[in-house]
Amino acid sequence: MHRQRFLFPALCSLTFWRFSLLPTCDLSPAEAMSAVAASQPGWNWSGTSPMLTLLAKCGMLVGGHTEFGVRFFAPLLALATS
């Protein structure tokens, strides 16, 4: 039996499960600071990682200014690394 034929459907179902769990928990302090820095205009992001803030800003454009928007790219990046 080929186990690899079940790998991609399993990873897709896991990704959809991760998307459904995004808005259930509150933001961590680092995520909240990145969300605040991303909502400010310009590139003045002192105290936060530039990549996390940029991903939060792009995610909030897609998913809104909620927990879902801040964490939008997390399941996609987890799928990419898998």
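The expected span of a helix is 1.5 Å times one less than its number of residues. Helix α1 has 15 residues, so it should span 21 Å; its end C-alpha atoms lie 21 Å apart, in agreement.

This is a predicted model. The mean pLDDT of the protein chain is 87, with 95% of residues at 70 or more.

**Helix α1**

L11, T15 and F19 are buried in α1. Seen down the helix axis, the buried residues of α1 fall within an arc of 80 degrees, so they line one face of the helix. F16 and W17 are exposed on the other side of α1.

W17 also belongs to a nonpolar surface patch with L14 and L21. Together the three have about 300 Å² of accessible area. L21 sits in helix α1, which covers residues 7-21. Its relative accessibility is 39%, so L21 counts as partly exposed; that class lies between the 20% and 50% cut-offs.

**The salt bridge**

The structure holds 1 salt bridge. The side chains of R71 and E31 form it, at 3.0 Å from N to O. The pair links distant parts of the chain, 40 residues apart. R71 lies in the loop between α4 (67-70) and α5, whereas E31 is in helix α2. R71 counts as buried because its relative accessibility is 13%, and buried means under 20%.

Note on methods:
Residues are numbered from 1 along each chain as its sequence is written. Side-chain values use heavy atoms; hydrogens and water are left out. Patches are made of residues with over 30% relative accessible area and no salt bridge: like charges are joined within 9 Å, nonpolar side chains (Val, Leu, Ile, Met, Phe, Trp, Tyr) within 5 Å. Accessible areas come from the Shrake-Rupley method with a 1.4 Å probe; for residues, only the protein chains shown count as cover. A salt bridge is a side-chain nitrogen of Lys or Arg within 4 Å of a carboxyl oxygen of Asp or Glu. Helices (H or I, at least four residues) and strands (E, at least two) are DSSP runs, numbered from the N terminus. Buried means under 20% relative accessible area, exposed over 50%, partly exposed in between (1.4 Å probe, protein chains only). pLDDT is the predictor's confidence in each residue, from 0 to 100. The arc is that of the directions from the helix axis to the C-beta atoms.
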